[in-house]
Structures are given as C-alpha cells and as structure tokens.
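The stops below are given in the order in which they may be selected.

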Amino acid sequence: MKIQLLDPLVAQRIAAGEVIERPASVIRELLDNALDAGGKTILASVTEGGLEQIMVIDDGEGIEREDLPLLCESHATSKVRELDDLYHIKSMGFRGEALYSIAAVSRITIASSYQGSDPYQITIDNGKKEAVLPGGPRTGTMVTVQGLFKELPARRQFLKRPSTEAAMARSVLLEKALAFPDRAFRFISDQTVRVDLVPTTRKQRVLDVLSLNQNIVPSEMLELYDTAGRFDLYAVCSSPALSRSDRSYIKIYVNNRPVEEYSLVQAVTYGYGELLAGGSFPYCYLFINVDPTLVDFNIHPTKREVKLRNKAEIHHQVVSMIASQIKRTIPRMVKQELEVEDAPLLAPIYQ
Ligand SMILES: Nc1ncnc2c1ncn2[C@@H]1O[C@H](COP(=O)(O)OP(=O)(O)OP(=O)(O)O)[C@@H](O)[C@H]1O
Ligand SMILES: [Mg+2]
C-alpha cells in the first residue's frame, strides 16, 4: 500500500504554504483582521524584517476568551456561516484559514480584550496549542508572531535580506492604508517609526502615501468620481502634466481590496488616450465599489485575484470617466481636442 493519510501537522504546514509565503503575508492577514475588527488605530511592527518578530496591534472590538482556543483551528471564522454568505462578503477575511496557517509555521500569541473586558491570551507554537492565560492589552487585540518558518528551514531559505522583507511588509501596510483612509496606520521597523498616517480624506491619504516615496505636487493630482453609473467609481489620478514611464503607479481596488487586474489597468490608460505620449503612464488609484454578489474573491488564497461578473461594463465605465473628467480639468487641452473634432472629418483627404 503506497497511499497514506498525512500527519495532520504536515498537512497543516503544506496548506499554510499557500497563504503564508513571507513576513509581508503575515502582515497582510493580521492587518485584514484588525480592519475587520473595526480597529481605528492599527500598528504593525517588524524586527529583523519580520524574521525574528512581527506584531500587529489594533483597538478593535477584541476576541472573546472562549473563542481564543478556536482561533487557530482550520475553517474557524466569525465572518461566514453559510455558503451563500460568501457572495455577500463585506469583510476582508472569509476563509477562516489565516491564523491557522500562521500558527502552523511560527510561534504566535494572540492577546485580546473583548470590548474592554479582562484580557486573555493564547499561544500556539508551530501548531501546538498552549493554555489560555490572563493578560494582554486593555482594549483591542495584539498578535505577536515569532520565528516564522524556524521549523521549516527550506522555506526560510527563500526569504530575502531583512531590509528587503521589511520593505515588502511596509508596502503591504501602505496598500491597506490607501483603502482605509479613515483609520490611522503606523509601521515600525527595528524600533524606528517608518510610517505614521493619521485619519484623513481619500485624496489626502493617497497624497500622504505618495509623498513617502515621491515628490509630487498635490495640485497635479485630481479626484474623479462616477457614482451615477452602475458601479461606484472613485479615483485619484495625475493630470497629463505628470506621468511615468511604467504602469507601477496604476493601482486598482475592488471593494477595498487591491487586485491585480490587468484589463482595468488598461482601462485607465485608455481613458487618458492621447493626452499622454506613447510609453507614458499616469499615477492612478482607482477604487471600484461593486455589489458583493457580482464579485468572487474566493479564487486565490491571498485574495489578490477577483472574478468580476461585469468586467466589460466596468472597463467601459472606467474609460469614460477618465476620458471625460481628465480632459475637463485641463481647459487648454479641451480646446485643442474640440478644434480637432470640429474640423471636417474628410478634410485631410482633399488637402
Ligand atoms: N484582530 C482581531 N480582532 C478581533 N477578532 C479577530 C482578530 N483577528 C482574528 N479575529 C477572529 O478570529 C477569526 C479567525 O481569523 P482568521 O484570520 O484566521 O480568519 P478570517 O479572518 O475569518 O478569514 P481569512 O482566513 O480569510 O482571513 C476571525 O473570523 C475573527 O473572528
Ligand atoms: Mg483573517
């Protein structure tokens, strides 16, 4: 007989590999949980790029003592009850797999006070659950992850230098911060505060995040809206005076989740059309809100892929919002466009 059932711990570690690849994946999952818990102030810290320690603290509603032992079981979630709930998802999480996966490949401690009551904590050490003990923060939840992949040297070998891992963790935090401008985010690496974002408007959050890496004149960034169409669109985009030679600053969010959806990146560039020279691309943060019944994020364990039911319609709406509103904000360009359009269509042939 060749076939055998895997030891549960081995199976758990194999499954964890899909969700948790590096410290930045841990940060992504812990931030999602903090956001779902309604945290207004969220702090993430890494030591040695997260190879030694990762910590996320929120001031959300917390976790009940009785729930602590369930946290690191597979399919343990408060966010989905029935299959149908998957199609009405408003939360970031829904698989009930993130903490289970992290617990399989590190030593994790979750300490929490449920709605301000006495705090309790639990530790799971590479899949082995310890007892629930008193102690923890006065409000919200504090999750500490130590020695990621310590028992999986093959995995740890794939990690980059601590400074590179820290940079990846920081960009995951910034990606989340862009979608939730009403929350405060702080990122600490090796005891130094690297990012400190206060609650603000959508546009200002984009400017705050951009200003960490770029020198951008705020007046070159425009706000576009389309709430009259079938899908709710909002974007902060650069005027044609500002462009880049790559698409790396075209970011698409669907229902507050960053997604890799090339056709929508393309829709943004089509919208600019000839306002940008060939090989130039805008800065554009596009936030699309779609009825949850029309999207499916349950495609990839890290939820970066999305199945959109009305992709062609959304594409069209994005192109027309950008095409009409970007031109309108640049009066001189509009005039030039109109002159071209007003000219008799066949004129060039007779010249
Ligand atoms: N910071 C937190 N504050 C409050 N509750 C939390 C927090 N983190 C986790 N939880 C609770 O623990 C449960 C399990 O979290 P976990 O991240 O493993 O799964 P999930 O968020 O439900 O789904 P997913 O696997 O898609 O992230 C959550 O459903 C939630 O009830
Ligand atoms: Mg989660």
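This is a predicted model: local features need pLDDT of at least 70, side-chain atom pairs count only at pLDDT 80 or more; totals for chains, interfaces and linings use all residues.

The tour goes from the whole chain to the ligand and then to individual residues.

**Whole chain.** The chain contains 10 helices and 16 strands. Along the principal axes, its C-alpha atoms fill a box of roughly 85 × 50 × 40 Å. Of the 351 residues, 48% are buried. Among contacts with a separation of 6 or more, 63% join residues 24 or more positions apart.

Next, display the surface of the protein chain. Its accessible area is about 18,000 Å², and carbon and sulfur atoms contribute 53% of it.

**Ligand 1.** Select ligand 1 together with the 20 residues around it. Which of these residues come nearest to the ligand? They are Thr 77, Ser 78, Lys 79, Arg 95 and Glu 97.

- From an oxygen atom of ligand 1 to a side-chain N or O atom of Lys 79, the distance is 2.7 Å.
- Between an oxygen atom of ligand 1 and a polar backbone atom of Ala 98, it is 3.0 Å.
- A nitrogen atom of ligand 1 lies 3.5 Å from an N or O atom in the side chain of Thr 141.

On its own, ligand 1 has 590 Å² of accessible area, and the protein covers 92% of that area.

**Helix α6.** Move to residues 202-213, which form helix α6. Its buried residues are Arg 205, Val 206, Leu 207, Val 209 and Leu 210. In an α-helix there are 3.6 residues a turn, so residues three or four places apart point the same way.

**Ser 239.** Now select Ser 239, in the loop between β11 (232-238) and β12 (250-254). Is this residue buried or exposed? Ser 239 has a relative accessible area of 4%, which is under the 20% limit, and it therefore counts as buried. Display Glu 220 as well: its side chain and that of Ser 239 are joined by a polar contact of 2.7 Å.

**Arg 22.** Proceed to the loop between α1 (8-19) and α2 (23-36), where Arg 22 is found. With a relative accessible area of 14%, Arg 22 is buried. Which residues are in contact with Arg 22, leaving aside its neighbours within four places in sequence? The set consists of Leu 148, Phe 149, Phe 158, Leu 159, Lys 160, Glu 165 and Met 168.

**Two loop residues with positive phi.** Glu 48 lies in the loop between β1 (41-47) and β2 (53-58). Its phi is near 55°, a positive value in a residue other than glycine. The relative accessibility of Glu 48 is 38%, so this residue counts as partly exposed.

Gln 191 is in the loop between β8 (184-189) and β9 (192-197). Although Gln 191 is not a glycine, it has a positive phi of about 70°. Gln 191 counts as exposed because its relative accessibility is 69%, and the cut-off for that class is over 50%.

Methods: Residues are numbered from 1 along each chain as its sequence is written. Chains are lettered from A and ligands numbered from 1 in the order in which they are written. Side-chain values use heavy atoms; hydrogens and water are left out. Helices (H or I, at least four residues) and strands (E, at least two) are DSSP runs, numbered from the N terminus. Buried means under 20% relative accessible area, exposed over 50%, partly exposed in between (1.4 Å probe, protein chains only). Contact means heavy atoms within 4.5 Å. Accessible areas come from the Shrake-Rupley method with a 1.4 Å probe; for residues, only the protein chains shown count as cover. A polar contact is a pair of N or O atoms within 3.5 Å; within protein, one must be able to donate a hydrogen and the other to accept it, and residues adjacent in sequence count only if both atoms are side-chain atoms. A residue is near a molecule or strand if one of its heavy atoms lies within 4 Å of it.
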